[in-house]
Amino acid sequence: MDGTTAALQCAVAGAWFAASVTALAQESPSETPAQQVTVTGKPAATQPGALKADVVKTETINAREIEKSGATNLTELMSHRPGIDAQLECSICNVRNITLNNLPGRFTTMMLDGVPIFSSVSNAHGLDMIGVNDLERVDISRGAGTSLIAPESLGGTVNMVTKRPTDTGGEVDLSSGTFGHRRAAGYASKAFTGGAVVLGGTVQRHDSVDQVGGGLSQYTGFERALLGIGAFIDDIGGFKLKARFDYIDEKRMGGPLGRDYDAVRASTSGNPFDFSKGPHAAPERDRWVVPSDGTLAAPYDDGLFGLAQIIFTRRNQFVATADRQVGDTRVRLALGYARHHQDSWFGGDADYFADQQQYYLEASAQTKLGSALLTAGINQRYEDLHSRSTSLDTSSPTFGIERIDADAYVYRTPALFVQAYDTWFNERLEVNASVRYDRNNVFGGITTPRLNLLWHHADDLSSRLAIGRGFRLPTSFFELEHAILAAPAVDRSQAKPERSRNLSYALNYADDRLAVVASLNHTRIDDFALFIDDTANSGNFLLQPARSPFTVDNADVVGTWQVTAASALTVGYEVYRYRFESIDFANSLFARPAYRVTLGLDHDSGPWDLNVRATYTGPQDLAKFYAYADTARFNLDGTPKLARSPGFWVVDLRASFRWSPAVSAYFGVANVFDYRQSRKESFLWVDRDGNLDVTQLWGPNLGRSAVAGVKLAF
Amino acid sequence: MRMTTLLLRHVIGTACWLLLTGAGSADRAWDFNLPALDGSHFVRASSVQGPLLVNFWGSECPPCVEELPRLQAFAADHPAWTVWLVATDPAPMARAFVERRAVHLPVLRAGQNVSGLMRAAGNRDGGLPFTVALRQGRICAVREGALAPADLASIDAACTTAAAQEPRR
C-alpha cells in the first residue's frame, strides 16, 4: 500500500461517511417525540450520550456484578479489575486504597452520588467500611481527563451511585465463613407514589489472621456496624430529591491476635511474638539480625502493644442532591457533610486521635444553547482535621507529651466550573469540554481543563479520547507517615498542590455477544507530595513536592464473549510502564506489577449462578518502588529482601442457587490455591541498623477463605 | 525504513477508515441475537414470522414498570404480534422482578451491546423505556418513552400499513 492507496481509503471512507450522514438525516418511520424517559447508567462507557455526564465513566460495576463478586465492601469490590485495584498499604492495619491505572491510591477521588465527601482520613481505613448493598452501581473514571467537572481527580474518580427502589420489599443476607467471618446485612425499601425510602444495615466481624505462626497478624481483625437511611422524593417544590445518611462504627486491630484491646494496651513489655517463624525469619524467637554488622539486635521487649495498631472509627455522613427541570434548564443542588472520628493507638509510634469535618455545597445549572448543553456551577469544599496525639517513640523529643493539632489542617476551596457538550456529524461525534477553577485558602488558585471526544464509528464501534489535568491538595494526615508525630512540627511551607496531566484513548467494540475495550493511558504527576524526614537538620518533617515527576503509562484490553446463552468469558490483559526517580520517592510508594492478566467465567442458568475469577499478577520491581538504593531492606535473618516479586495467580470461585424468589443460598472460596506472600517473603523487614518495619508488601495477605450464606427476599 | 513507512501509511489509512466510516443504520433493517432470560438459548429477531414488538426496560425505570401490564394486554389482544421484553437489568434481578410482577411475556437478556442495539434503532440517548416494532426484519415503528394505549394502537396501525405496502410475492 502506498500514499495514494491511503489517500484513496480516506476518500472512499469520506464518501461513505457523507452518504451515511445524508441518509441518517432522513426521518425515521413513525418516530414520535420522546415522552417520559429514564436514562439509566448502563455498563457501556462509550454508549451514546455517555459524555453528557458530569463524569465520564470508563467502567461501570453494576448491581449484578456487585452481587456476584461477593464483595462486602468497596475495596473488595474494586480488587483485581483491569486498570483498577485495591492497594494494601499496611500489613498490620490493612489500610487499603483504590488505585486507578496503578497510580497511588490516594490520588483517586471518591464520591457518593456525585458528592466528593471523602478525604485522606476517611480513605485510609474508611473505604473498607463502605458497604455495597445499597449501591445501584459504581462508576469509575480512569484518568483526570474523563473526570470533567469532578474536583481534584488527580488519578481519576470513583462514584458510588445509590439504588433508587421501585418496589416495596427487603432482603436479609446472612453469612458465615472461615477466619471468624460473620456477617448479617439487611435492606428494606418502601416505594410509594412520588418517592421511596430505604433502610440498610450491616454487622460484620472477622478475626485477625496469622498464617505464619509467629503470633503477629497478616490480616487485620475487625468488628463493623453500618447503618444507612435514604429518601427519594420525586417532587418536592419541583425538585427531585435524593438524600442519604450513613453511620459507620468500626473497631479493628492488627499485630496481636484477638479482640482484647485493653489487654493489648496493657502489654508493653516482654516478647509475646515469635520472630523465628516464616521464610528468612530471625535466628532466634526474640532477636533478629542487624544487617550492617551481622550481630543480633537487642531482644524485642515491647509487649503486644509494641506492634499493635488499634483503630476505632466512627463516621456520620449525609449526602443530598436535588434536581429540578425548569424549561430547558436543569438546576442541581448538592450537599454533603461528614464527621469522621478516629481513635487510634499505634504501638511504638503514637496514640493519635483525629476529628475531621467536611462539607460540600454545590449549585449548578445545565441548559441548552443551540445544540449545545452547557453546565455551569459553583461549589464550596471545606475540610478540617484536628488531632490530639502523644508520641510513643522514646527517641523523640516529644515522647510522652500530649500535643494538640500536631497533625492538622483546614482547607476551604471554593470553585467555579463550566462544561459544554455538543454533538456533530449527526451525533457521531460527541464533545465535552470542561474547566474548573479552584481557589484554596492555602495553595491558591488551580485551573484544571479537561476535554473528552467520543466518536461512534458505527453502532458497535466507538473511540474515546480524553485529555486533562487533575490536582490534589496534599494533606498531612498521620496515616501517610506515622513518624511525623515524632517530630516537633510538620513544615508545610514548601508544599504545593499535586498536579496530573492525563491522556487516554479507548477503542470500544461491542455486538450482541462480544464486547472488547482496548485503552491506552498516560498520566504524569508533578509535585508529588512527600514527607521528608528532616529531623536531623531542622528537627522537623517537611511536606514538600518531589523533585521529579512520577509517570505511569499503561495499555489494557478487556474482552467479554457470550459463549453460550448462559455463559460469558472475560479475558483482560494490562501492561504498565512506571517512570520515576526511585530515590526521589523513597518510602512513599507501594509496589505495583508490570502486567496483569484477568480471566472470568460467569455461568447463569436457571437457578444456578457460577462465577470464577482468576488474576495473574506479574512481577513487581520491589527495589525500585521501595527505593532500596536509599534504604536497603533485609529479612530478619539479615539476607536482602527480594528485588523483584514473583508473579502469582489468585483464583476466586462463587456459586449461588436460587431455591425460590424468596430464598437463595451462596458459597464462595477466595484465593482457592492459597497463595500467600508470607510463604515467600515476610511483610516484616529491617533496615541496615535493624529497625523493624511492616511494609514489604506485594502479595495476598490472606490465604484461602470460604464463606457460605443465605439471602431471604420479601 | 521502507517497512516502517508502509506500516505508517497502513496505520494512517486504517485510522482514516475508522474515523470516517459509518454504519448503514439508515437501512432500518434491525436484528439481534440475544440470550433468553433463563439462559437456555439464543433468540434472533429475524426468525420471527409476523410483527414483532421489542420493549427495552429496566426494573429501576418507573415508566418501564408502569407499562409492562399494557404490553401484556397488547400481546393478549393481538395474537398476531410477538412481544419480547429485553431486560437491561442483570439476569437474576430481572428474573426476580418478572416473577414478582407476574410478567408472562418472553424476556431476553440485553447482550453485550444494548446501547448500540438501541442506537441502531434510533435511540440516541440510551433512554428507557424504548420500544421497536419490526415487520419482516425491518423497523416499522419506534417509541422512546412510556407507551400510552394509543401508542400501541398506532404502532399496530403503522406496522399493519407497512405490511399492506409490502410487495406481494
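Reply: The charged end of A:Arg633 sits over the ring of A:Trp685, 4.1 Å from its centre. This is a predicted model, in which local features need pLDDT of at least 70 and side-chain atom pairs count only at pLDDT 80 or more, while totals for chains, interfaces and linings use all residues. Residues are numbered from 1 along each chain as its sequence is written, chains are lettered from A and ligands numbered from 1 in the order in which they are written, and side-chain values use heavy atoms, with hydrogens and water left out.

Me: What makes the charged end of A:Arg633 count as sitting over the ring of A:Trp685?

Reply: The rule asks that NZ of Lys or CZ of Arg be within 6 Å of the ring centre and within 35 degrees of the ring normal. For A:Arg633 the distance to the ring centre of A:Trp685 is 4.1 Å. A second case is A:Arg224, whose charged end sits over the ring of A:Phe222 at 3.8 Å from the centre.

Me: Why is the pair of A:Phe425 and A:Trp455 called edge-to-face?

Reply: Rings of Phe, Tyr and Trp (its six-membered ring) pair if their centres lie within 6.5 Å; planes under 30 degrees apart count as stacked, over 60 as edge-to-face and the rest as tilted. Over all chains, the structure holds 33 aromatic pairs. In A:Phe425 and A:Trp455 the centres are 5.5 Å apart and the planes stand at 70°, so the pair is edge-to-face. The pair links distant parts of the chain, 30 residues apart: A:Phe425 is in the loop between strand 18 (409–424) and strand 19 (429–440) of chain A, and A:Trp455 is in strand 20 (residues 444–458) of chain A. Helices (H or I, at least four residues) and strands (E, at least two) are DSSP runs, numbered from the N terminus.

Me: How do you know whether A:Phe425 and A:Trp455 are buried or exposed?

Reply: Buried means under 20% relative accessible area, exposed over 50%, and partly exposed in between (1.4 Å probe, protein chains only). A:Phe425 has 42% relative accessibility and therefore counts as partly exposed. A:Trp455 has a relative accessible area of 8%, so A:Trp455 is buried.

Me: Which residues do ring pairs link into a cluster?

Reply: The cluster is formed by A:Phe107, A:Phe528, A:Phe550, A:Tyr576, A:Tyr578, A:Phe580, A:Phe585 and A:Phe625.

Me: What makes A:Asp553 and A:Arg577 a salt bridge?

Reply: Side chains of opposite charge can pair when their charged atoms come close. A salt bridge is a side-chain nitrogen of Lys or Arg within 4 Å of a carboxyl oxygen of Asp or Glu. The side chains of A:Asp553 and A:Arg577 meet at 2.9 Å, N to O. This pair links distant parts of the chain, with A:Asp553 in strand 27 (residues 550–562) and A:Arg577 in strand 28 of chain A, 24 residues apart. A:Asp553, at a relative accessible area of 13%, is buried, whereas A:Arg577, at 48%, is partly exposed.

Me: Why are A:Glu250 and A:Arg252 called buried?

Reply: The relative accessible area of A:Glu250 is 1%, so A:Glu250 is buried. A:Arg252 has 2% and is therefore buried. The side chains of A:Glu250 and A:Arg252 meet in a salt bridge (2.9 Å, N to O).

Me: Why does A:Val571 count as partly exposed, and where is A:Val571 placed?

Reply: A:Val571 has 40% relative accessibility, so A:Val571 counts as partly exposed. A:Val571 is in strand 28 of chain A.

Me: How do you know which residues B:Ser59 is in contact with?

Reply: Contact means heavy atoms within 4.5 Å. Leaving aside neighbours within four places in sequence, B:Ser59 is in contact with A:Thr166, B:Val65, B:Asp89 and B:Phe97. The place of B:Ser59 is the loop between strand 3 (52–57) and helix 2 (62–77) of chain B. With a relative accessible area of 8%, B:Ser59 is buried.
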